[in-house]
Amino acid sequence: MTEAADFSVRNPEQLVVPLAGRLRETGESAEPYQLLDPEGTVVGPVAWYFAELLAESKPETTLRSYGMDLLRWFRFLWAVDVPWDRATRAEGRDFTRWLQVTDKPVRVHWRYQKHDGPLAEAPAAERKRGGPAPGTPNAITGKPSPGSKYALNTWAHSETVLRAFYDMHLDNGTGPIMNPFPLARSRRSSRSNAHHNPMEPFLNEGRGRYRPTVPKRLPRRIPDELFNRLFASLNHNRDRALLAFWVSTGARADELLTSKQKDALPGQQVVGVIRKGTRTYQQIPASPDSFVWLRLAQAESWKKGAPRGRNETLWWTLRRPWRPLNYPAARAMFIRVNKLLGSNWTLHDLRHTASYRMANDPKMSLTDVQWVLDHVHLSTTQIYLTPSPEEVIENVRAHHARRAREEAEPKPQVPAPGYSPESLQVLFGDPR
């Protein structure tokens, strides 16, 4: 007599997942990140996976992004007391359900951290102080504030990363014999795009079973009048130069911060950056006013004693000790400006703004925009041809106004076929 199957299911709302372990940045190019367990020991399977990613020429930012998803998964496994190589599809399913119902962990301020133990939880008053309710649309931008739950993009990204993580160990024979994150049932028995028509685009038939459907979101741009207000709120020439370069080049925020002083060429009106994905060096054109603000910022910083040299960074902090400006500091600057206006624009919205301006210029080809933005596929650039909701509303309003004017105008009387207009005018006179 066979033993009855266990159909018990975990309740994700009752599951407590401590913030155990962490992702440590090492500063070494050979191993930039390490995933540590609650005892501070490096998690070997993740280290192996990171080595594979580095061999595939993935940038360090990708390792950090994947590492955060893996850290979340291993915290879940530690909470349910299941070894990583013993995880089944039940754990993959329950992890997905837990992501749907749990709240995101609150970023802990340094004053609440314990230096000799796990991170402490910030008081409720500190968590709620100063800031809109989660998910509330901003009155100026219309963008909702971050919600208290994990976003659909986070679920989808986690599912993709974890499925690839277990696929790698399955290929090497170092993991379980079954991937906890399988493909959809309808795709299990056949190869993806097995009967693909070469005249049609490829379909996404490698969809994961627990992967959510993420709606396509159109990028938001900053309207010109709001950008002018944002620019006028800046207090330093360095910040004005940064925004002028971001909004004229379309470079990603962290890409521009890689530039050296020798990379800014006002005579040629280009600036050199290291591209995020390929890590290649590329010179991209910028507006003339951005170089004017840059020269003013450099004159101020050099007068205060900032380092000067062709191989020195182009962007420095505003006060001593002089340090190269990094992304968190630039983001903090932009957040302070947003608070003055009550908006919630992001640095990446500046890239969207530049992309909209270039893509909607009738004298600039879309392939030129693709090259400037460093897009692999032209279809990615084409999304900037889609009008914003504000533009659609304005166009529809203009349509209704034109129809109202046409209905109000007197319609000319056209004689029936066969009658001469001149004869009718002689008989009845001019109707006007």
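1. How many cavities of 30 Å³ or more does the count come to? The count comes to 2. A cavity here is a set of points on a 1 Å grid over the protein atoms alone, where a 1.4 Å probe fits but cannot get out. Grid points are joined across faces, edges and corners, and a volume is the space filled by probe spheres set on the points.

2. Ground rules. The model is predicted, so local features need pLDDT of at least 70 and side-chain atom pairs count only at pLDDT 80 or more, while totals for chains, interfaces and linings use all residues. Numbering runs from 1 along each chain as its sequence is written, and side-chain values use heavy atoms, with hydrogens and water left out.

3. Overall make-up. The protein has 15 helices and 5 strands. Both are DSSP runs numbered from the N terminus: helices are H or I with at least four residues, strands E with at least two. Of the 432 residues, 36% are buried, meaning under 20% relative accessible area with a 1.4 Å probe and protein chains only. Contact means heavy atoms within 4.5 Å. Among contacts with a separation of 6 or more, 60% join residues 24 or more positions apart.

4. Largest cavity. Its volume is about 50 Å³. Lining residues have an atom within 4 Å of a point. Here they are Phe95, Thr96, Leu99, Trp155, Ser158, Glu159, Phe181 and Tyr210. The lining divides into 5 nonpolar, 2 polar and 1 charged. Nonpolar covers Ala, Val, Leu, Ile, Met, Phe, Trp, Tyr, Cys and Pro; charged covers Asp, Glu, Lys and Arg; the others, Gly among them, are polar.

5. Second largest cavity. This one holds about 40 Å³ of space. Ile140, Leu226, Arg229, Leu341, Ser343 and Trp345 line it. By class that gives 4 nonpolar, 1 polar and 1 charged.

6. Second largest pocket. A pocket is an open set with protein on both sides within 12 Å along at least five of seven lines. The volume of this one is about 460 Å³. Its lining has 24 residues, with Arg221, Ile222, Pro223, Ser388 and Glu390 nearest the centre. Two or more lining residues come from each of α6 (224–232), α11 (347–359) and α14 (389–408). The classes are 12 nonpolar, 5 polar and 7 charged.

7. Packing of α6. Helix α6 packs against α7 (residues 237–249) at about 155 degrees, with the axes 10 Å apart. Axes are lines fitted to C-alpha atoms, over the stretch in contact for helices, and angles run from 0 to 180 degrees between N-to-C directions. The pair is therefore roughly antiparallel, the term for angles over 145 degrees. Phe227, Leu230 and Phe231 of α6 meet Arg240, Leu243, Ala244 and Val247 of α7. That contact has 6 nonpolar residues, no polar ones and 1 charged.

8. Leu347. This residue is found in α11. Leu347 counts as buried because its relative accessibility is 5%. Leaving aside neighbours within four places in sequence, Leu347 is in contact with Trp246, Ala253, Tyr327, Ala330, Arg331 and Phe334. Its C-alpha atom is separated by 9.5 Å from that of Asp254, 93 residues apart along the chain.

9. Ser301. Helix α9 (residues 288–304) holds this residue. Ser301 is buried, at 15% relative accessible area. Beyond neighbours within four places in sequence, Ser301 is in contact with Ala306 and Trp322.

How values were computed
Angles under 35 degrees count as roughly parallel, over 145 as roughly antiparallel, 65 to 115 as roughly perpendicular and the rest as oblique. Buried means under 20% relative accessible area, exposed over 50%, partly exposed in between (1.4 Å probe, protein chains only).
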